[in-house]
Amino acid sequence: MGQPVDGKIQIQVQASPEHAGLRLDQVAAELFGGFSRARLQEWIKSGALTVNGEVVKPKQKLVGSEELALDAVLLPEVEDEAEPITIKVVYEDGELLVIDKPAGLVVHPAAGHAAGTLLNGLLHHNATQANLPRAGIVHRLDRDTTGLMVVAKTLEAHASLVSQLQDKSLYREYEAVVQGVMTGGGKVEAPIGRHPTDRKRMAVVQSGKPAVTHYRVTERFRGHTLVRVQLETGRTHQIRVHMTHIRYPLVGDQTYGRLRFPAGASAQLREALHKFPRQALHARRLGLIHPGSGEEMRFESPLPEDMEVLLATLRKDRDEE
């Protein structure tokens, strides 16, 4: 289909004999896959999407081989203001954008963060992002989590990336420093939902949504472990909640953990742990299938300086024991 120019869309597609007996809105959802079912129904009702040049109802059944024509103006999906926010671009083409998010940057506007977000920066970087749901953002990182994110630049790319998230072909690997010494890797499979008494937190609750996290040990210290974490699902605060659930909370996570020092910790280590400003979590690797070419793409982001300094301090404490 291609990205519309100045919001104007003009597309003609042909229904096939296999579509005989199916409703127009069903066939349209298949042939115009970059658009939502609700938006397509609106266009059918308004006459922007016609069948053989005629306006018909969404429930109209096709006989097959009809010509479906879409002539519409794509109205903005988001009305937030564009802001000149620095975005570290790892990769960009006409269909997607891969960025390396710094700590402290909120992904999209919410209560208490009406502006100054990644979404505002994306609108400044590329004005046509306003035509996409959430300005093309298909997954998020917490404010103080660093690392790789992919953003769609077209409706087709958005639909493809959302599908990849759902079928787990979009690969996300994180590195985290947790409190406690793990004996080995494993899997956490525990549903996550809102905390029963604190609505600002998430928790493992039986009524929550399914959540699966895989982790493996990369390096051990006297009272901490560096782990690699891979997500099967993408629940809010998933890694932070699951690691706390198995009693290995992330260093610096003031929402889900409590600061602990290993016995005999040096003054330097105690100071480093006390002053670490955020949860020690970094989205290190990202893998996806390019929406246009079908090429498998892999990206990697080095650990940020604050985590590198923390690890150097942990190694020094361990090696000088």
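Reader: Ala, Val, Leu, Ile, Met, Phe, Trp, Tyr, Cys and Pro count as nonpolar, Asp, Glu, Lys and Arg as charged, and the others, Gly among them, as polar. How does the lining of the second largest pocket divide?

Author: That lining has one nonpolar, six polar and nine charged residues. The model is predicted: local features need pLDDT of at least 70 and side-chain atom pairs 80 or more, while totals for chains, interfaces and linings use all residues. Residues are numbered from 1 along each chain as its sequence is written, and side-chain values use heavy atoms, without hydrogens or water.

Reader: Which residues lie nearest the centre of the second largest pocket?

Author: Arg143, Lys200, His237, Arg240 and Thr255 do, out of 16 lining residues. A pocket is an open set of points on a 1 Å grid over the protein atoms alone, where a 1.4 Å probe fits, with protein on both sides within 12 Å along at least five of seven lines; lining residues have an atom within 4 Å of a point.

Reader: What lines the largest pocket?

Author: There are 34 lining residues, with Arg140, Arg172, Gly234, Arg235 and Thr236 nearest the centre. By class, twelve are nonpolar, twelve polar and ten charged. Helix 4 (155-166) is one of the elements that supply at least two residues, and helix 4 gives the most, with four. Helices (H or I, at least four residues) and strands (E, at least two) are DSSP runs numbered from the N terminus.

Reader: Which residues of helix 4 are buried?

Author: Leu155, Ala157, His158, Leu161, Gln164 and Leu165 are buried, meaning under 20% relative accessible area, with exposed over 50% and partly exposed in between (1.4 Å probe, protein chains only). Their cover includes strand 6 (146-152), strand 7 and strand 13 (281-289). Just after helix 4, Lys168 has a positive phi of about 70°.

Reader: Changing topic, why does Thr218 count as partly exposed?

Author: Thr218 counts as partly exposed because its relative accessibility is 37%. Thr218 belongs to strand 11 (residues 212-220). Beyond its neighbours within four places in sequence, Thr218 is in contact (heavy atoms within 4.5 Å) with Leu226, Val227 and Arg228.

Reader: How many Å apart are Thr218 and Ala28?

Author: They are 48 Å apart, C-alpha to C-alpha, and 190 residues apart in sequence.
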